[in-house]
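Hello,

Here is the structure I promised to pass on to you.

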Amino acid sequence: MKYSTYHAHTTFCDGKSTAEEMILSAISKGCPEIGFSGHSPLPGLSWPMSEEGVDEYFDELSVLREKYEDKIKVFVG
């Protein structure tokens with residue numbers, strides 16, 4: 001049985017690792033898929049993404065999805 005997660009958080013919000021670190025870890029563990037679910041901006045809170053970070057989040061994950069497409073399927077939400 002192969003395991004995957006579809007609820008991963010990165011340093012763009014309250015996660016401890018970058019998206020690439022998480023993708024590489026998932027690949028090393030044999031996961032066929034990984035899904036990222038960053039927290040949307042919420043005024044007055046410190047743990048969600050910033051308004052400015054949303055575009056960077058989607059841009060970076062788009063690049064990483066393409067970079068590792070032959071090793072793992074990457075979902076972004």
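**Around Tyr-3**

Leaving aside residues up to four places away in sequence, Tyr-3 touches Cys-31 and Pro-32, where contact means heavy atoms within 4.5 Å. Tyr-3 sits in the segment before β1; helices (H or I, at least four residues) and strands (E, at least two) are DSSP runs, numbered from the N terminus. The C-alpha atoms of Tyr-3 and Gly-30 are 7.9 Å apart, although 27 residues separate the two along the chain. With a relative accessible area of 59%, Tyr-3 is exposed (buried is under 20%, exposed over 50%, partly exposed in between, with a 1.4 Å probe and protein chains only).

Before you read on, please note that this is a predicted model, in which local features need pLDDT of at least 70 and side-chain atom pairs count only at pLDDT 80 or more, while totals for chains, interfaces and linings use all residues. Residues are numbered from 1 along each chain as its sequence is written, and side-chain values use heavy atoms, with hydrogens and water left out.

**The sheet and its helices**

Three strands make an open sheet, ordered β1-β2-β3, with parallel pairing; two strands pair if DSSP finds at least two bridges between them. At the edges are β1 and β3 (73-76), each pairing on one side only. On average, neighbouring strands of this sheet are turned by 25 degrees against each other, direction ignored. Strand β2 (residues 33-36) is joined to β3 by four bridges, and Gly-35 has Phe-75 as its bridge partner in β3.

Helix α1 lies across β1, β2 and β3 and runs at about 155 degrees to β2. Helix α2 also packs on the sheet, where it touches β2 and β3, and its direction makes about 165 degrees with that of β3. For these angles, axes are lines fitted to C-alpha atoms, for helices over the stretch in contact, and the values run from 0 to 180 degrees between N-to-C directions.

**Aromatic rings**

How many aromatic pairs does a search of the whole structure find? There are three, counting rings of Phe, Tyr and Trp (its six-membered ring) with centres within 6.5 Å; planes under 30 degrees apart are stacked, over 60 edge-to-face and the rest tilted. Phe-12 and Tyr-57 have ring centres 5.6 Å apart and planes at 80 degrees, so this pair is edge-to-face. The pair links distant parts of the chain, 45 residues apart: Phe-12 is in the loop between β1 (5-8) and α1 (19-28), and Tyr-57 is in helix α2 (residues 53-67). Phe-12 counts as buried at 17% relative accessibility, and Tyr-57 is buried at 1%. Together with Phe-58, Phe-12 and Tyr-57 form one aromatic cluster.

Best wishes
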